[in-house]
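Look at the strand pairing first. Then turn to the helix and the cavity.

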Amino acid sequence: MPPKSRIPSPDPGDTWVPRPRRRATPLALAGHAAKFLGYSTLGGVLLAGLVLPAAGALGLGAKSGVESFENIPDDFKAPPLTQATQIFDAKGGLIAKVFERDRTVITADRMSPLIRQAQVDIEDARFYEHGAVDLKGVLRAITKNAESGATVQGASTLTQQYVKNVNVEKAGDDQAAVLEAQRKTLGRKIQELKYAIKLEEDLTKDQILTNYLNITFYGHQAYGIQAASQRYFSKDAIDLTLPEAATLAGLVQNPSQYDPKLHPVAAQKRRDTVIDKMVENKHITAEQAREAKAAPLGLRYKDPQSGCIMANAGMGFFCDYVRHVVRQDPVFGKTAAERKKLWDQGGLNIYTTLDPDKQAAAQNAVTKRVYVTDPVSAAVTMVEPGSGKILAMAQTRPYGLDPNKNETVVNYNVDAAMGGGNGFQPGSNFKPIVAAAALEAGLPATQSYPSPNRMDWPTIKTCDGTWKNLEKGKKGGSIPNESSSEEGPYDLKQAMALSVNTYFVQMEQEIGLCAVKQMANKLGVAGKASGDPLQELPALGLGTQEVSPLVMANVYATFAAGGTHCAPLAISGITTMDGKDVPVSPAKCERVMSENTADVINTVLLGVTEKGGTARDLGLDDGRQIAGKTGTTDEKKSAWFSGYTANLAASVWLGGPSKGVPMKNIRIGGRYYPEIFGATGPGPIWQLAMNQALRNMPEETFDTVYIPDPPPKRDPSTSPTGSGTNAPGSGQPSSGGGSAGSGRPHTTRPSQPPADDQ
């Protein structure tokens, strides 16, 4: 409520200090007179500019001037202020608070009356008495400036200061625009005065004060009184005491000079000046003032905590992924500039799909099995089949900028465009994509190939022509299987369980590379992690082109969902600070293969985790069904395991973050490994993460199909023709790949684990 009477007080910005009078000469008196006349003229021009909006100084015609005066931008009445954005996990826990400017806009009833009064008393004591322009203040400023011969006192009202702050806020990070908004030109001054007059017509004094307290800068990245209260006193603005309110109110004139953290003496002196102003204007008693002045500053300062670097529980990389989603998804703006503005403007509550329990499981697994100081790192992404929801995203190396602490801001889980690097070769993790393409092309689940131990790369059709092997007879012109004992023929179930290279090359030869590339695209492998397109080369099916764990987790989630592919989903909803909904992209799901094809793939990949398969030792504690595929690349520079249950898929990568580290004779997580395979390196990470993540989740099973076993092999030396053709009833054991308990030994040496592929 405005006071009944007020005693006029000096302008709070008055820094004039009385000086001893000197005897003025006639020449000096003439100079002072000229200066006084100049300032009087300026005051007259300004006042004329208020009364006559079409003042020639603006270069406007009368009509356009009046229209400009009567229709100020709505931004000045309710400016879209830059605020902090909060990112939440799927259970409502805060992941991180990010901002370009730390501000939380609050209503008047959430501000202490003490800060509202203190801010008025120190900046514009007659705020509730005058209009947009304080004529007494203008005349006083003109007189004092004329007497001193310099501009020592301003006459801006709080409303005019608010208009200037809006102009600066609208300029954003554009330094040229900021300087332009702050330029002291006659035209800009008159425009600010006009806007101030119009605001006083459209808004109440209390509304203007509330807007002012929300926009004002208080130092240390704190914009607005709520952020300032939290920054300096770790409390909400409604709870500010008298000395605290006076401290913050005094900051506005010069946040650097009166910084209570860096300059406590100056800050306390300024605080006491504010308190004196409140006594002078009869808003507190002398006794209240004495108590407030006797109090220490009482800071409980909190450093600005902005950005994904402050995210909780290893969630920094997912937080950064969310930022990339907002900056790239067209639902948040048609242009990159619009999407950037939305993110920079902030003031959003972003609700995500990240499950904190599964995130904890993933983070525990990658840090327990691989140390941050190891020469290699690990990353794991978990995806929900049938929705595409990203439930976890973790990696060994922490999110940060200090390489001495092995920190990085490169998200190994995602493609380069989303904050990752150029990805990693997946090795045989890619082979199920080849199998899915073949089944969709009409090949049977029992498809068999000779699968020799080594073969020349064959001539293969591509989308636009034919790939031919120009290196026949040379080292690069042929492809071997991993183990010398791996020699066909094999069917699909056996070849997948043992990861037989030559089998899948022959499958590619039959269906063509175009079919493989198209199936990869349907499954979400739109290209390499770098953004380059997939190359139609025979080695494509063996996983030589770099991808990311998120992409591979989503491929396997598609198999688990019966052939329905869903684009990765990180954001489930967004609201503004005042509760309004912001449109977000819904789940985007489509069938990319028949249910029968998915059932066959699931059946075949179950075999990989059963007796005779490369992942036979990765069973879960509760014994539920799991399917998956190992993958190891040349020189053991990358190793993978992508596995899934019917309701959760996860992909784990292990390797050197850059340039690759040959994982032979290496110590990882405190353990020594002669060499790393998909089943021995990333496999146990997956197993540890999934055992924890699946707790309290229902046990679901796959729809499988019956795939008959092939006839057993016979020893070529016993064949009548010596050709090595299998003969039914030969009595020779078949190779592995059948169901658990089948009793069929695998063809690798019994004393060693099944060898993985290249």
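T352 has I571 as its bridge partner in β13. For L348, the partner in β13 is T576. This is a predicted model. Strand β3 covers residues 348-352, and strand β13 covers residues 571-576. The two run antiparallel and are joined by five bridges.

Strands of a sheet pair through backbone hydrogen bonds, in parallel or antiparallel fashion.

Together β13 and β14 make a hairpin, with four residues between the strands. G579 sits in the turn and has a positive phi of about 90°.

## The sheet as a whole

These strands belong to an open sheet of five, in the order β2-β1-β3-β13-β14. Its pairing is mixed. Which strands lie at the edges? They are β2 (94-98) and β14 (581-582), and each pairs on one side only.

## Helix α21

Helix α21 takes up residues 595-608. At 1.5 Å a residue, its 14 residues should span 20 Å.

The buried residues include T597, D599, N602 and T603. Also among them are V600, I601, V604, L605, L606 and V608. What covers the buried residues? Among the covering elements are three helices: α16 (431-440), α17 (492-498) and α20 (549-560). Strands β16 (627-632) and β17 (638-644) also contribute to the cover.

## Cavities

Rolling a probe the size of a water molecule over the atoms shows where empty space is left. The structure holds two cavities of 30 Å³ or more.

Which residues line the second largest cavity? The lining consists of R369, V370, L654, I668, Y673, I676, T680, G681 and I685. By class, six are nonpolar, two are polar and one is charged.

## The chain overall

The protein chain has 758 residues, and 53% of them count as buried. It contains 22 helices and 20 strands. Among contacts with a separation of 6 or more, 71% are between residues 24 or more positions apart.

Key:
Residues are numbered from 1 along each chain as its sequence is written. This is a predicted model: local features need pLDDT of at least 70, side-chain atom pairs count only at pLDDT 80 or more; totals for chains, interfaces and linings use all residues. Side-chain values use heavy atoms; hydrogens and water are left out. Two strands pair if DSSP finds at least two bridges between them. On a 1 Å grid over the protein atoms alone, a cavity is a set of points where a 1.4 Å probe fits but cannot get out, and a pocket is an open set with protein on both sides within 12 Å along at least five of seven lines; lining residues have an atom within 4 Å of a point. Grid points are joined across faces, edges and corners, and a volume is the space filled by probe spheres set on the points. Ala, Val, Leu, Ile, Met, Phe, Trp, Tyr, Cys and Pro count as nonpolar, Asp, Glu, Lys and Arg as charged, and the others, Gly among them, as polar. The expected span of a helix is 1.5 Å times one less than its number of residues. Buried means under 20% relative accessible area, exposed over 50%, partly exposed in between (1.4 Å probe, protein chains only). Contact means heavy atoms within 4.5 Å.
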